[in-house]
Amino acid sequence: MRIIGISSEEIVQIYKENENTLDKTIESIVKLLDKREQKISTAESCTGGLLSELITNVPGASRVFEMGICTYSNSAKMRLLGVPAEILSVFGAVSAETAREMAMGLKSLSGADLCISITGTAGPGGGTEECPVGTVYAGIVCGEKLCTAHLETYKMCRTSRGEVRRAAAVCAFGIALRMLVEE
């Protein structure tokens, strides 16, 4: 697996590029996957099924959407995605390490070509000084590439629960499209 790095600045740029065109971004992903006869799967925590909903809003999604699971609890992350208990106890549910393990576990579970995981703190409560509301991590496996991204949605002035969830989706799908196009 080849690790792909992405900076905070790139994430903000991806957000700006896709904020007002999220539907088109997802439509592009679905069309590209369909053309390649590939599949997509999602594993969500703080977005609570939003990624799956956005994918299935696109006509033709049934040809590419393999599965979407909501693993809100740590026990679900461990049981369904194989996230090691040590990862959760050392790094916490809201961490790059957990997002990575979720994406890798989803790849093993679904066999999809593009796997997106999201974990974070959507608020309004639950934030801390070290992990404020709007701290979200995405794990994306695209073919043989893996990207783990720290989506600091609070830096994008997105702090309400709905705004955090949508910003996470915008960033995750934007990164996924970039990875697909570069494949």
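This is a predicted model: local features need pLDDT of at least 70, side-chain atom pairs count only at pLDDT 80 or more; totals for chains, interfaces and linings use all residues.
Residues are numbered from 1 along each chain as its sequence is written, and side-chain values use heavy atoms, without hydrogens and water.

I then checked the surroundings of Ser117, which is buried (under 20% relative accessible area; exposed is over 50%, partly exposed in between, with a 1.4 Å probe and protein chains only) at a value of 0%. The Ser117 side chain comes to 2.7 Å from the backbone oxygen of Ala99. Beyond four places in sequence, its contacts (heavy atoms within 4.5 Å) include Ala43, Met102 and Tyr137.

Next I turned to β2 (residues 40–44) and β3 (residues 65–70), which pair in the parallel sense over five bridges, pairing being called when DSSP finds at least two bridges between two strands. Glu44 stands opposite Cys70 of β3.

Last, I searched the whole structure for disulfides (cysteine sulfur atoms within 2.5 Å) and found zero. The sulfur of Cys70 has its closest cysteine sulfur in Cys46, at 9.4 Å, which is too far for a bond, and Cys70 is partly exposed at 43%. For Cys142 the closest cysteine sulfur is that of Cys115, at 9.4 Å, again too far for a bond, and Cys142 is buried at 1%.

How values were computed: Helices (H or I, at least four residues) and strands (E, at least two) are DSSP runs, numbered from the N terminus. A polar contact is a pair of N or O atoms within 3.5 Å; within protein, one must be able to donate a hydrogen and the other to accept it, and residues adjacent in sequence count only if both atoms are side-chain atoms.
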